[in-house]
Amino acid sequence: MHEERWPGEWLRGVLSLCVLRVVADGPTHGYAIAGRLAEAGLGAVKGGTLYPILTRLETEGLVTAAWEAGDGGPGRKVFTVTEAGVRALRERSAQWRVFTQRAAGLLSSPAVPA
């Protein structure tokens with residue numbers, strides 16, 4: 001199976017919103033978040049990219065984090081969306097839809113020169 005490679009600036013523009021969306025589905029940990037992003041077709045997101053995003057979301061009060069004991073292994077940090085995170089997700093998702101529609105309109109009209 002061929003994995004798409006998206007330009008880095010595209011991912012930087014939307015990855016925080018996508019991470020917030022994944023966490024909004026229920027308490028989860030970094031490895032599971034990375035898995036969901038990959039399943040969604042966004043590619044492999046490494047910990048060095050993912051964890052700073054989660055830290056930023058936590059600093060903004062959009063997610064909370066708590067350590068959970070591991071099953072016979074090390075503990076893991078579990079992230080949960082806050083009410084402020086749900087509101088931000090709703091607002092930013094709506095803004096993203098408008099932005100991408102406008103960009104798509106510009107890119108497809110009238111046609112890209114040959």
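A crossing of two helices is called right-handed if the near helix is turned clockwise from the far one by less than a right angle, and left-handed if the turn is anticlockwise. In this predicted model, the crossing of H1 and H2 is right-handed. The axes of helix H1, residues 8–24, and helix H2, residues 30–39, come within 10 Å and cross at roughly 115°, which makes H1 roughly perpendicular to H2.

On the H1 side of this contact stand Leu-15, Cys-18, Val-19, Val-22 and Val-23, which meet Ile-33, Arg-36 and Leu-37 of H2. Sorted by class, the contact holds seven nonpolar residues and one charged residue, with no polar ones.

Arg-36 also takes part in a salt bridge with Asp-25, where the closest N and O atoms are 2.9 Å apart. Because Asp-25 lies in the loop between H1 and strand S1 and Arg-36 in helix H2, this pair ties together parts that are 11 residues apart in sequence. Asp-25 forms a salt bridge with Arg-21 as well, with the closest N and O atoms 2.6 Å apart. Asp-25 is partly exposed, at a relative accessible area of 43%, and Arg-21 is likewise partly exposed, at 40%.

Elsewhere, Arg-92 forms a salt bridge with Glu-60, the closest N and O atoms being 3.6 Å apart. Since Arg-92 belongs to helix H4 and Glu-60 to the loop between helix H3 and strand S2, the pair ties together parts that are 32 residues apart in sequence. Through shared partners, salt bridges join Arg-21, Asp-25 and Arg-36 into one network, and the count of salt bridges comes to five.

Methods
Residues numbered from 1 in each chain as written. Predicted model: local features only at pLDDT ≥ 70, side-chain atom pairs only at ≥ 80, totals over all residues. Heavy atoms only, no water. Axes fitted to C-alpha atoms, helices over the stretch in contact; angles between N-to-C directions. Helix = DSSP H or I, 4+ residues; strand = E, 2+ residues; numbered from the N terminus. Parallel < 35°, antiparallel > 145°, perpendicular 65-115°, else oblique. Contact = heavy atoms within 4.5 Å. Nonpolar A, V, L, I, M, F, W, Y, C, P; charged D, E, K, R; others polar. Salt bridge = Lys/Arg side-chain N within 4 Å of Asp/Glu carboxyl O. Buried < 20%, exposed > 50% of the residue type's maximum accessible area, 1.4 Å probe, protein only.
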